[in-house]
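Thanks, everyone; I would like to take a few minutes to walk through one model, and I will give the cut-offs behind each term as I come to it. Please keep the structure open while I talk.

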Amino acid sequence: MKLLIIRHGESEADILDVHEGRADFALTERGHCQADAMSEYVCQNYQIAKIYHSTLKRAKQTAEHLALKTGAPLIPDENLMEWNNGLIAGLKHSVADEKYPKMDVPVHSSVYEQESMLTFRYRAEYMLSKLISENDAEDTIAVVTHGGMINQLYRAFFKMPVESEFVFCTGDAGIHEWFVKENSRILIRANFVPHNI
């Protein structure tokens, strides 16, 4: 099975310089162009069976571009949403830093009505298990989600400890290509951005 893990295009939050997370911003015009270019590339190079996507606007809109090009069905799943950043969602970075300073907490705990890192990782583990178990070994499946969730999916994919500090960068509408065969998990390509927009 091939998994194409795809980040959404540029969103309005990127322009406003605010914490996004669960703040539900739409794609910018540029973001729509990025999503369209990514979708064209995927259409020309892969046969997509299904498109799973986060229900947040920026990911949903990106997935809709992909569905339009590939004809693959859309499967929304709230478990693919970005980390729930609680009270800082939608706040300017400077405001959030002042009102809600960073605090070290155990992985099972959280502050400021945020999701714990343990719960975030669990969502990624759940989704990876679901993707692998409910699709055929010959399928190519697209997953349109967010930078934070992509990092958690990587950690789940490679069975890293919950508190791993490895970071996997993803550009706007960037693609990560993974291959799963029985017990093997193979990274084919990371953060491929098929546009210069």
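This is a predicted model: local features need pLDDT of at least 70, side-chain atom pairs count only at pLDDT 80 or more; totals for chains, interfaces and linings use all residues.

Leu16 counts as partly exposed because its relative accessible area is 41%, where buried means under 20%, exposed means over 50% and partly exposed is in between, computed with a 1.4 Å probe on protein chains only. Residues are numbered from 1 along each chain as its sequence is written, and side-chain values use heavy atoms, with hydrogens and water left out.

Leu16 belongs to helix α1, residues 12-16; helices here are DSSP runs of H or I with at least four residues, strands are runs of E with at least two, and both are numbered from the N terminus. Once neighbours within four places in sequence are set aside, Leu16 is in contact with Phe25 and Lys92, contact being heavy atoms within 4.5 Å. Leu16 and Leu91 are separated by 75 residues in sequence, and their C-alpha atoms are 9.6 Å apart in space.

Let me turn to Met1, which sits in the segment before β1. Is Met1 buried or exposed? Met1 counts as buried, because its relative accessibility is 5%. Apart from neighbours within four places in sequence, Met1 is in contact with a list of residues that includes Leu131, Ile132, Trp178, Phe179 and Val180. Met1 and Ala26, by contrast, are 25 residues apart in sequence and 31 Å apart in space, C-alpha to C-alpha.

The next topic is a pair of helices, α2 (residues 29-45) and α3 (residues 57-70), whose axes come within 8 Å and cross at roughly 35 degrees. The axes are lines fitted to C-alpha atoms, for helices over the stretch in contact, with angles running from 0 to 180 degrees between N-to-C directions. This crossing of α2 and α3 is right-handed, that is, the near helix is turned clockwise from the far one by less than a right angle. On the α2 side the residues that meet α3 include His32, Ala35, Met38 and Val42, and their partners in α3 include Gln61, His65, Leu66 and Lys69. The residues of this contact divide into 5 nonpolar, 6 polar and 3 charged, with Ala, Val, Leu, Ile, Met, Phe, Trp, Tyr, Cys and Pro taken as nonpolar, Asp, Glu, Lys and Arg as charged, and the others, Gly among them, as polar.

Now to α6, which is mostly covered, with 10 of its 11 residues buried. Among those buried residues are Met149, Ile150, Leu153, Tyr154 and Phe157. Which elements do the buried residues of α6 pack against? They pack against β1 (2-7), α5, β4 (140-145), β5 (175-181) and β6. Ile186, in strand β6 (residues 184-192), is in contact with Phe157, as well as with Glu177, Trp178 and Phe179, leaving aside neighbours within four places in sequence. Ile186 is itself partly exposed, with a relative accessible area of 39%.

Most residues other than glycine have a negative phi. Lys159, however, has a positive phi near 55 degrees, and Lys159 lies in the loop between α6 and β5. With a relative accessible area of 64%, Lys159 is exposed, and it touches Arg121 and Arg185, not counting residues up to four places away in sequence. Glu182, in the loop between β5 and β6, has a positive phi of about 50 degrees although it is not a glycine, and at 74% relative accessibility Glu182 counts as exposed.

I will finish with the largest pocket, in which about 1100 Å³ of space lies. Of its 35 lining residues, the closest to its centre are Trp83, Lys102, Met103, Gln114 and Met117. A pocket here is found on a 1 Å grid over the protein atoms alone, as an open set of points where a 1.4 Å probe fits, with protein on both sides within 12 Å along at least five of seven lines, and lining residues have an atom within 4 Å of a point. At least two lining residues come from each of α4 (93-99), α5 (117-133) and α6 (147-157), and the largest share, 4 residues, comes from α6. By class, the lining has 15 nonpolar, 11 polar and 9 charged residues.

How values were computed
Grid points are joined across faces, edges and corners, and a volume is the space filled by probe spheres set on the points.
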